[in-house]
Amino acid sequence: MTDSVDVAAFAGIAGSLAREVGEVIRAKRAVGVTVAQTKSSLTDVVTAADQEAERLLAAGLRRLRPDDGLLGEEGASTTGTTGVTWVVDPIDGTVNYLYDLPAYAVSVAATVEDGGPGTMSDGRRAVAGAVYVPTSGELFTAWEGGGAHLDGERLPGPADTELGRTLLATGFGYTVERRTEQVEVLRHVLPRVRDIRRMGSAAVDLCMLAAGRVDAYYERGLQPWDYAAAALIARESGAVVRGLGDALPGEELLIAGTPRISAELATLIEEAYRGL
Ligand code: IPD
């Protein structure tokens, strides 16, 4: 079911849907944005475009892969019969979208739950995925064993550097409790790296890592739709995607970088959590 032919085809489906829906949300942005509701806190918004984009992704997947399951950030949830579940984030970087800042993306991944290498803490493993950034027109794609690509060109992955020269991307959750803890961890990490970048979209962060535009990334509190496609793209570019200690990467923590930097970063973050 998920042999190399299928997963390459899945990446094609993910890429064309992400691009198609990305162009719709870009056009909507030019007209204006409406906040439809808030979620975990007042700052965690859902725009009408998020909802419309998820409907479009769901309709496209129903048409192309009617028997597969679907899980979406804005509530889409269907159980399929094939063992494949599509995990979609209609707009990752919604706050950027709200403010008309460029780092937002549509993320589409085909996942399976067979416990194979690359399984995340939510139990799923992406076998193919795409992240489309409408403001730059860049389409990042990957399928298992096929490498990661930007508009068809193979991505180099992060360069090997030392921790003190690492440009580190990270992000913050939406609740006061989570942010307070994240700031404390950052107090320990920031003095030990080159600098940090908070781009506002986990999917974009991980694609920037795959493209070698940042050296490493970590975040706590991500949901499957934030990372499903992009973690595969990072891994297929040659990056290590890991959690803390032996834990699988995912909501508790996702760290990505070269083998050396991801290990050093894990140690640093563990130290920071121990000191909380
Ligand atoms: C958020 C972004 C952000 C990350 C948050 C996510 P959303 O997703 O990926 O960079 O720091 O943890 O929730 O809400 O824009 O889809």
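**Exercise 1. Which residues does Thr 141 touch, not counting residues up to four places away in sequence?**

Step 1. Thr 141 touches Ala 11, Gly 15, Gly 129, Ala 130, Gly 147, Ala 148, His 149 and Ile 233, where contact means heavy atoms within 4.5 Å.

Before going on, note that this is a predicted model, in which local features need pLDDT of at least 70 and side-chain atom pairs count only at pLDDT 80 or more, while totals for chains, interfaces and linings use all residues. Residues are numbered from 1 along each chain as its sequence is written, and side-chain values use heavy atoms, with hydrogens and water left out.

Step 2. Thr 141 belongs to strand 8, residues 138–143; helices (H or I, at least four residues) and strands (E, at least two) are DSSP runs, numbered from the N terminus.

Step 3. Thr 141 has a relative accessible area of 13% and is therefore buried (under 20% relative accessible area; exposed is over 50% and partly exposed in between, with a 1.4 Å probe and protein chains only).

**Exercise 2. Describe the sheet and the helix that packs on it.**

Step 1. The sheet is open, with eight strands in the order 4-3-5-6-7-8-9-10 and mixed pairing; two strands pair if DSSP finds at least two bridges between them.

Step 2. Its edge strands, each pairing on one side only, are strand 4 (77–78) and strand 10 (153–154).

Step 3. Strand 5 and strand 6 (residues 105–112) run antiparallel and are joined by six bridges, and Val 87 stands opposite Ala 109 in strand 6.

Step 4. Helix 6 packs on the sheet, touching strand 3 (69–72), strand 5, strand 6, strand 7 (125–133), strand 8 and strand 9 (147–150).

**Exercise 3. Is Ala 229 buried or exposed, and with which residues is Ala 229 in contact, leaving aside its neighbours within four places in sequence?**

Step 1. Ala 229 sits in helix 6, residues 224–236.

Step 2. With a relative accessible area of 0%, Ala 229 is buried.

Step 3. Beyond those neighbours, Ala 229 is in contact with Ser 107, Val 108, Ala 109, Gly 129, Ala 130 and Val 131.

Step 4. The C-alpha atoms of Ala 229 and Leu 248 are separated by 16 Å, the two residues being 19 apart along the chain.

Key
Axes are lines fitted to C-alpha atoms, for helices over the stretch in contact, and angles run from 0 to 180 degrees between N-to-C directions.
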